[in-house]
Structure formats: C-alpha cells, structure tokens
Amino acid sequence: MSVQDYLDKHMLSRKIEDAVNAAVRAKTLDPVLFISNHMKKAVSSVITKVKARQILDSRGIPTVEVDLYTNKGMFRASAPSGAPIGTYEAVELRDGDKGTYLGNGVTKAIRNVNEKISEALIGMDPSHQSQIDHAMIGLDKTEKKGELGANAILAVSMAACKAGAAEKEVPLYKYIAELSGQSNLFLPVPAFTVISGGKHAGNALAAQEIMILPIGATKFEDALQMGSETYHHLKAVITEKYGAHECNVGEDGGLAPNISSIREGLDLVKEAIGRTGYNEKIKIAIDVAATDFCIGAKYDLDFKSPNKLGQNFKSGKDMIEMYKELCNDYPVVSIEDPFDKEDWEHTKSFSGLGICQVVGDDLLMSNSKRIERAKLESTCNALVLKIDNQPVGIVEKEIPMKNVNQIGTLTEAIEVAKLAKNANWGVVISHRSGETEDSFLADLSVGLATSQIKAGAPCRGERLAKYNQLLRIEEELGGQAAYAGEDWRQS
C-alpha cells in the first residue's frame with residue numbers, strides 16, 4: 001500500500017485538519033503535542049510489530065518475553081511457568097538442547113513468535129482480544145498448544161491485552177473486567193505463602209505450602225501489612241527454635257525450616273500470628289499437593305526422607321481424619337489438592353464434610369471436562385486459576401479428549417473462571433513457581449473479581465510485583481475500592 005493509499009483509507013488528511021482546528025480552538029501552548037495526542041485518539045490502533053526474546057524467570061530458567069507494538073506504543077509481557085503436573089495442561093515449548101540451559105531454552109518459542117505469530121497478528125486491532133487469541137489457537141492447530149508453545153502464545157495474549165487497555169484508555173484491570181463482563185470489582189484476599197515444602201523446598205515437609213489469609217483486614221493495604229508482619233515474626237520464631245540457618249526460603253519465598261510434619265509447621269505459623277496480635281483476623285490455608293507423594297492408593301508423608309521411606313504411609317481415609325483434626329486444632333479454612341489428582345473418591349468425601357474450602361488444582365488442571373465432572377459430583381468447591389504452561393518432553397501419555405480448555409490465552413482464562421463461578425465455586429488466581437516481575441496477575445484477579453489470589457510470600461521481587469500492583473489499584477479506585485475480606489469465598 002502506498003503512502004497516499006494509506007492516507008486515503010484512513011482519511012488522515014481530514015483527521016489532521018480536524019486536529020489542527022482543535023488545537024487552535026483550545027489555544028494550546030504546545031500545539032504539536034496537542035495534535036499528536038488528538039491523532040492518537042482519532043486513528044484506530046493496529047498491531048504493527050510483535051517481537052519476542054528469551055529472559056530468565058525467578059528460578060533462573062528461560063521463559064518468553066514479548067514486546068507488542070501498536071501505533072500507540074509498546075506493550076510488554078512475560079510468561080510465567082511451573083512444574084509439570086498432568087496430561088491436560090497447555091504445554092510450554094522448550095528447546096531440549098541439554099548443552100544450553102540444561103535443555104530449558106525457549107528459542108524455538110521465540111522464533112515462533114517472531115516469525116509465525118507476528119505475521120498473523122500484524123494489522124489486527126489490539127482491542128479484539130478474543131480474535132487475537134483464537135487466531136493464535138488456530139495457527140497452532142494442536143490441542144495443547146504444543147506446536148507454537150503455550151509460553152509463546154500466552155506472552156503474546158498478555159501483551160495484546162495491555163495494548164487493548166491502552167486503546168480503550170482504561171486501566172488493565174478495568175479492561176479485563178470489560179472483556180469478562182464483570183461489573184463489580186474488588187480487591188482479592190491474598191494467600192501469602194509463609195512456609196514452603198513439597199517440591200518447592202529442600203526440607204522434609206511433604207505439603208507444598210502453608211499460607212495465611214488476612215480475611216479480617218478492611219482493605220488490601222492492611223492485609224499486606226498483616227502478611228508482612230506475620231512473615232517476619234515467623235522468621236523470628238524459626239530462628240529462636242532452630243537457629244538462623246533454618247530460615248532458608250523455597251521457590252515462592254516461603255520460609256523452609258527443616259520440619260517434617262504439617263502440625264509442626266502450623267504450630268510455628270500459629271505462634272507467629274499470635275505475636276502479631278491479629279489472631280482471629282488471620283486464617284490459614286494449606287496446599288498439600290498430595291499427587292507428589294501418592295504411591296498407588298497410599299500417601300507417603302515422609303517421601304522426602306529416604307531413611308524413613310515407607311514408614312509413614314496413610315490411606316485416603318487416614319488423610320481425611322488428619323485433615324479433620326487439623327481444621328479442628330488450627331484456624332485452617334482452605335485445603336488445596338488434599339488427595340491425588342485421580343483420587344476423586346476421597347476428595348469428594350472430604351469436600352462433603354463442609355469443614356473448609358476444598359480447592360482443586362492438580363485435580364482440575366483448568367480443564368473443562370474435569371471441571372464439569374467435579375461440578376456434577378460435588379468433588380470440590382473452589383478452583384485454582386493459573387495461566388498454565390507445562391514443559392514439553394515431560395507430558396504424560398495423552399488421553400484423547402474433546403472440548404477441553406487448556407489455558408494458554410486470556411480468553412480461555414476468562415472462560416474457565418466463568419465455569420467455576422457458574423458452579424458457585426471460589427476462584428483462586430495463582431502464580432507459578434517460575435515467575436517474572438510482570439504484574440499482570442494482579443490486574444487479572446481484580447478484573448475477574450476472583451476474591452482470592454496466591455502470589456507467594458510477602459517477599460522477593462517477582463512476588464511483590466503482584467502485591468504492590470494491588471496496592472496501586474486500590475489507591476486508584478479510591479472510595480470505590482472494596483476488599484473481599486470476610487467474603488473471600490464468594491466469586
């Protein structure tokens with residue numbers, strides 16, 4: 001297209017004339033800046049360039065960062081990543097060259113963005129999020145985004161969303177709310193990781209995370225203060241009991257003393273809460289991630305201690321009794337993945353007791369078929385919403401499915417959130433073990449009004465990027481800001 005053809009197509013001559021006249025009427029002191037801003041509003045934005053690069057996540061493992069350009073600026077996003085869990089998730093594309101980043105390089109995914117995805121999206125309106133996402137899904141043509149890589153698609157989807165918000169001239173969280181049809185916005189209750197275990201830490205604790213929920217706070221700012229103070233009191237408690245050398249941290253920033261039982265961890269957290277004086281204002285949540293230590297039909301709570309291997313096996317019924325006791329003895333209000341991802345029977349039995357929120361992560365894997373089954377069977381009452389990736393090469397044997405919903409785009413995340421909300425479930429927006437300083441997750445939690453967010457400990461930059469953004473959002477909303485608080489289970 002020639003320059004003249006472009007001018008004619010977009011009627012730019014007329015728009016420039018209108019901008020000049022507007023500048024004259026406004027008697028502006030800087031007519032060039034005025035005309036520039038006027039033209040930006042007058043001309044619809046289109047995607048002009050998409051460029052990806054390889055960066056490192058919080059674990060020092062490569063991930064994908066994307067710069068998406070429109071005629072209104074550049075918009076950057078980076079894809080988080082986590083450990084693989086199961087068959088149904090969207091998959092990351094890794095290079096597999098053991099000589100470079102131990103096989104974890106993402107140059108193939110980068111090339112897919114710079115060559116295939118870029119070519120497909122140039123010229124598209126960034127405010128058409130669904131069209132952009134479906135264009136990438138159609139370009140990939142695989143069920144789990146294994147051709148282009150979910151890490152490539154996701155980073156572009158996030159960047160496009162930021163560009164769309166700029167085109168609409170609204171904050172990112174409000175734009176996401178518009179895309180999802182959400183009218184009531186509120187700040188989520190943070191589930192701060194305070195003790196790390198499982199595969200996220202090198203201690204002997206089988207459970208993956210012990211978290212605190214400041215449901216008694218009246219605003220997010222106070223909730224963040226409660227989380228930070230409790231975390232530092234916990235560090236002092238651990239130092240006093242075990243020494244400063246036991247204050248190492250796990251992948252998501254939680255403290256990782258070399259304890260072996262959940263009770264021991266809960267005692268530490270309970271004492272720390274007591275020292276803050278917040279007491280009833282703070283509740284406790286546990287992410288058991290029981291799939292990691294399920295052997296056959298039994299659960300090995302000493303799976304990280306080779307010298308004790310096989311000595312602490314528990315049946316599904318034993319685990320239910322243990323959880324009942326923990327909920328009775330401690331202010332535990334939420335347990336995530338209390339059983340293996342295929343142990344539907346015991347998850348349903350425990351959920352049916354109604355003693356706490358039962359959250360499905362590994363159980364559901366943001367997969368529509370599994371969500372529908374869980375709804376029909378009343379297997380759980382909350383869902384972990386991750387913008388999911390799983391490394392290619394360690395995916396389990398694929399089971400053919402139709403109409404599945406692997407999250408690799410914002411559009412799919414919105415649909416999964418709606419599925420959960422239609423079932424009156426809680427929705428927990430969640431980080432990944434491999435995070436970046438991108439704060440997109442915070443805006444997503446407010447935009448989808450999920451009422452709960454897991455973004456790790458109240459320390460480490462890649463975790464605090466999300467919490468600090470929530471502070472900014474609360475400040476921006478001013479008198480309209482509402483904190484989920486006691487209504488943390490409502491979505």
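**Figure 1. V359 and its bridge partner A382, which lies in strand β12.** The model shown here is predicted, so that local features need pLDDT of at least 70 and side-chain atom pairs count only at pLDDT 80 or more, while totals for chains, interfaces and linings use all residues. Residues are numbered from 1 along each chain as its sequence is written, and side-chain values use heavy atoms, with hydrogens and water left out. Strands (E, at least two residues) and helices (H or I, at least four) are DSSP runs numbered from the N terminus, and two strands pair if DSSP finds at least two bridges between them. Strand β11 (residues 357–360) and strand β12 (residues 382–385) run parallel and are joined by two bridges. Helix α13 (residues 410–422) packs on the sheet, where it touches β12 and β13 (426–430), and its direction makes about 170° with that of β12; such angles run from 0 to 180 degrees between N-to-C directions, with axes taken as lines fitted to C-alpha atoms, for helices over the stretch in contact.

**Figure 2. The closed barrel of eight strands and its strand β10.** The barrel runs β4-β5-β6-β10-β11-β12-β13-β14, with mixed pairing. From one strand to the next, the twist averages 25°. Five of the five residues of β10 (residues 332–336) are buried, so this strand is largely enclosed by the rest of the structure; buried here means under 20% relative accessible area, against over 50% for exposed and in between for partly exposed, with a 1.4 Å probe and protein chains only. On one hand, β10 pairs with β6 in the parallel sense over four bridges, with I335 in β10 as the bridge partner of I286. On the other, three bridges join β10 to β11, again in a parallel arrangement, and there the bridge partner of I335 is V358 in β11.

**Figure 3. Strand β14 and its pairing with β4 and β13.** Six of the six residues of β14 are buried, and the strand is mostly covered. Three bridges join β14 to β4, which run parallel, and F192 stands opposite G456 of β14. Four bridges join β13 to β14, also running parallel, with Q452 in β14 as the bridge partner of V428.

**Figure 4. Helix α15 and the elements it packs against.** The 17 residues of α15 (residues 461–477) should span 24 Å at 1.5 Å a residue, and the end C-alpha atoms are 24 Å apart, which agrees; the expected span is 1.5 Å times one less than the number of residues. Among the buried residues of this helix are R463, Y467, L470, I473 and L477. The buried residues of α15 pack against α7 (172–180), β4 (189–196), α8 (220–242), α14 (440–447) and β14 (451–456), where contact means heavy atoms within 4.5 Å. Just after the helix, G478 takes a positive phi of about 60°.

**Figure 5. The open sheet β1-β2-β3, with helix α6 lying across it.** The three strands of this sheet pair in the antiparallel sense. Its edge strands are β1 (47–56) and β3 (73–78), each of which pairs on one side only. The twist averages 20° from one strand to the next. Six bridges join β2 (residues 62–70) to β3, and Y69 stands opposite M74 in β3. The charged end of K49 sits over the ring of Y69, 5.1 Å from its centre, the criterion being that NZ of Lys or CZ of Arg is within 6 Å of the ring centre and within 35 degrees of the ring normal. Helix α6 (residues 150–168) lies across β1, β2 and β3 and runs at about 35° to β2. Within α6 is S157, a buried residue with a relative accessible area of 0%. Leaving aside neighbours within four places in sequence, S157 is in contact with Q129, D133, M136, T409 and L410.

**Figure 6. An aromatic cluster that includes F293 and F303.** A search of the whole structure finds seven aromatic pairs, counted where ring centres of Phe, Tyr and Trp (its six-membered ring) lie within 6.5 Å, with planes under 30 degrees apart called stacked, over 60 edge-to-face and the rest tilted. The rings of F293 and F303 have centres 5.6 Å apart and planes at 25°, so this pair is stacked. F293 lies in the loop between β6 (283–287) and β7 (294–295), and F303 in the loop between β8 (298–300) and β9 (313–314), so the pair ties together parts that are ten residues apart in sequence. F293 is buried, with a relative accessible area of 2%. One aromatic cluster is formed by F293, Y299, F303, Y323, F339 and F350.
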